[in-house]
Amino acid sequence: MHIKQEMKGDVLLITLFGKVIGGPELMKVKDVFLKAVDQGKKKVLLDLGKVSWMDSSGLGVIVSGHTTLSRAGGALSILNATKKIHELFIITKLITIFETYTDEQEALNSFGE
Amino acid sequence: MIVRPIEIRLPSEISVLEPLQLIIEAIGRSAEVEEDDLSLLSVAVVELAKNAMEHGNKNDPEKMVTISFNFFPNRIRFMIDDEGSWEPEKALGFKPGEGKELLLTRGRGVLIARNLAKWVEFGLTPEGKTRVTLIWPLT
């Protein structure tokens with residue numbers, strides 16, 4: 001798994017690449033959310049469009065990120081969840097707590113609303 | 001086509017999950033599971049293997065998880081055995097998709113496996129160890 005971060009205005013765009021599978025790699029994602037809050041970046045968009053495989057461990061880290069950001073008064077939204085990842089969000093009902101988008105600009109604009 | 005089960009034995013280590021994912025997809029491919037469904041099959045089996053490592057084997061790398069599989073004309077049967085005798089209802093007796101438990105960071109594995117595979121059942125091996133049986137229908 002590979003992680004890319006870039007600022008889009010005041011929104012931190014985090015893109016994950018490859019397999020999001022259990023293990024130490026996942027802690028890196030958790031750390032990214034924690035560091036974002038430490039640095040005052042409370043609007044985060046997580047792009048899952050390049051994730052080829054993900055299981056419940058990946059969902060757990062995303063939930064952790066949501067909690068971290070929410071407690072800091074921020075928000076985490078999801079961009080480009082593949083059909084299979086979207087299915088996991090539906091099965092686990094996490095779809096009810098995350099805003100999901102397929103258009104980056106629309107997702108970025110949503111933080112300003 | 002019914003053959004004797006083929007077994008894979010894995011130590012209870014997170015590092016085996018990625019190879020396991022590839023093996024399960026290869027098994028699915030050989031049974032002509034649709035290409036689009038292979039990753040769903042591997043997610044379901046990997047989730048159950050992780051549970052076996054954690055709840056059955058307490059993540060002790062000396063303890064093994066055994067995954068055996070059979071091909072039948074219209075389904076694949078996977079059996080995931082660990083070395084413990086844990087009670088799934090106690091270990092998994094919460095509903096990660098409900099109420100305040102929606103925001104738990106863990107505990108969604110069986111929920112996901114059950115939804116993807118349609119048939120997941122907990123039981124015991126003849127030796128009294130925990131066994132999970134997963135049936136993957138073939139279309």
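Which residues touch the most other members of the largest nonpolar core? In this predicted model, they are A:F89, B:F78 and B:W136. The core holds 69 residues. Helix α2(B) supplies its largest share, 11 residues. A second core is separate and has 8 residues. Among them are A:V11, A:L79, A:L108 and A:F111.

The interface between the chains was examined next. The size of an interface is often given as the accessible area lost when the parts come together. Here, chain B and chain A bury about 2100 Å² between them. Carbon and sulfur atoms give 64% of that area. On the side of chain B, 23% of the area buried against chain A comes from B:L102, B:L103 and B:R108, more than from any other three residues. In terms of contacts, 27 residues of chain B meet 24 residues of chain A.

A:D55 and B:K50 form a salt bridge, with their closest N and O atoms 2.7 Å apart.

Three elements of chain B give two or more residues to the side that touches chain A: α1 (17–30), α2 (38–56) and α4 (109–117). Helix α2(B) gives the most, with 7 residues. By class, this side of chain B has 12 nonpolar, 7 polar and 8 charged residues.

Note on methods:
Residues numbered from 1 in each chain as written. Chains lettered and ligands numbered in written order. Predicted model: local features only at pLDDT ≥ 70, side-chain atom pairs only at ≥ 80, totals over all residues. Heavy atoms only, no water. Contact = heavy atoms within 4.5 Å. Buried area = accessible area lost by both parts, 1.4 Å probe. Salt bridge = Lys/Arg side-chain N within 4 Å of Asp/Glu carboxyl O. Helix = DSSP H or I, 4+ residues; strand = E, 2+ residues; numbered from the N terminus. Nonpolar A, V, L, I, M, F, W, Y, C, P; charged D, E, K, R; others polar. Core = buried A, V, L, I, M, F, W, Y, C linked by side-chain atoms within 4.5 Å. Buried < 20%, exposed > 50% of the residue type's maximum accessible area, 1.4 Å probe, protein only.
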